[in-house]
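Please keep the sequence and the 3D view at hand.

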Amino acid sequence: SPGTEWVSASERPGGSLLTRQLQELWRRSRGSLAPQRLLFEVTSASVVSERSSKYVLYTIYLIRSGQFDKAPATIARRYSDFEQLNRRLRCRFSCDMASVAFPRKRLRRNFTAETIAKRSRAFEQFLSHLHSIDEIRRSPEFLEFFFLPDLQAAQRLTCTGMYREALATWANAYRLQDRLGVCSSGRFLLTLAGLAVCHQELDQLSEAHGCCEQALQLLEAQGSHPLLGPFLQAHIHLAWKVGKDKRRSEARLQDLREAGLPLQQQPSLKECLIKEPLE
């Protein structure tokens, strides 16, 4: 939540073990974040009128320089979202942020084509400037601005059984994390779990199997991890269904049994997803 440090969930009473271990994985992976050249392009801006308020929603594509992305990674944010990001980063990185320009709030003419066009360019430059600063590019404040809302929405949709909508949202969260270079973080493993669950619920079994394979590669070096057992069990079940080799996963599961892990009490991937606090 705004204003809290990334690690604070593990220190709060009731912070789940899953959260703590995912954060540990994240911390270890942060040193390897690739400084991929990213372009931020506002592709559309629409005026939204709600009951008592009116605001502009900016749709932004994250584009890898020099590459064509068939499926773009997109976010939709309003001025107040950018303002909150700006405030949080200035709080934590006051020196780095001294040279970063942010468009000022206006009292009037917020909805003219000219203001919207100027703000669109300013937001593109703002995000590009932030991404060019090492410490900021790796910070949870910056990274979660992009993908945390999608993860929260995907989790809600999965919990309510809206698997097709959830799948599209998990997939966009996957693309966002991929563009931002955080494909070994705990959030990414949760994203793979979400994709696997939704693909399976929609009877897209080979896609679900592929998600489990990717997760197990990421978990290769992990002796014990809260998602390892659930991913292994899902992978074995799916491999059997789609006629793929499951012996390696069975051997890894046997190792966990011999290490004393009570696999009967292990939650399923879906239970892990539903119970994980995303804040």
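Angles between axes run from 0 to 180 degrees between N-to-C directions, and an angle over 145 degrees counts as roughly antiparallel. The model to which this is applied here is predicted.

Helix α3, residues 79-92, packs with α7 at an angle of about 165 degrees. The two helices are therefore roughly antiparallel to each other. Their axes lie 10 Å apart, and the crossing of α3 and α7 is right-handed. On the α3 side, the residues that meet α7 are D81, F82, L85, R88, L89 and R92. Their counterparts in α7 are P140, E141, F142 and F145.

Helix α11 covers residues 228-242 and helix α12 covers residues 247-258. These two pack at an angle of about 145 degrees, with 9 Å between their axes. The crossing in which α11 passes α12 is left-handed. From α11, the residues L228, G229, L232, Q233, H235 and I236 take part, meeting S249, E250, R252, L253 and L256 in α12.

Next comes helix α8. This helix has 18 residues, 163-180, and at 1.5 Å a residue it should span 26 Å; its end C-alpha atoms are 25 Å apart, which agrees. The buried residues of α8 are Y163, A166, L167, T169, W170, N172, A173, L176, Q177, R179 and L180. What covers them includes both strands and helices: β1 (38-49), β2 and β3 (73-78), along with α7 (140-159), α9 (186-201) and α13 (269-275). After α8 comes G181, with a positive phi near 75 degrees.

Strand β2, one of the elements over the buried residues of α8, spans residues 54-64 and contains R64. Is R64 buried or exposed? Its relative accessible area is 13%, and buried means under 20%, so R64 counts as buried. The side chain of R64 makes a polar contact, at 3.0 Å, with the side chain of D178.

The view can now be widened to the whole chain. The secondary structure comes to 13 helices and three strands. The protein has 279 residues, of which 46% count as buried. Among contacts in the protein with a separation of 6 or more, 63% are between residues 24 or more positions apart.

Methods
Residues are numbered from 1 along each chain as its sequence is written. This is a predicted model: local features need pLDDT of at least 70, side-chain atom pairs count only at pLDDT 80 or more; totals for chains, interfaces and linings use all residues. Side-chain values use heavy atoms; hydrogens and water are left out. Helices (H or I, at least four residues) and strands (E, at least two) are DSSP runs, numbered from the N terminus. Buried means under 20% relative accessible area, exposed over 50%, partly exposed in between (1.4 Å probe, protein chains only). A polar contact is a pair of N or O atoms within 3.5 Å; within protein, one must be able to donate a hydrogen and the other to accept it, and residues adjacent in sequence count only if both atoms are side-chain atoms. The expected span of a helix is 1.5 Å times one less than its number of residues. Contact means heavy atoms within 4.5 Å. Angles under 35 degrees count as roughly parallel, over 145 as roughly antiparallel, 65 to 115 as roughly perpendicular and the rest as oblique. A crossing is left-handed if the near helix is turned anticlockwise from the far one by less than a right angle, and right-handed if clockwise.
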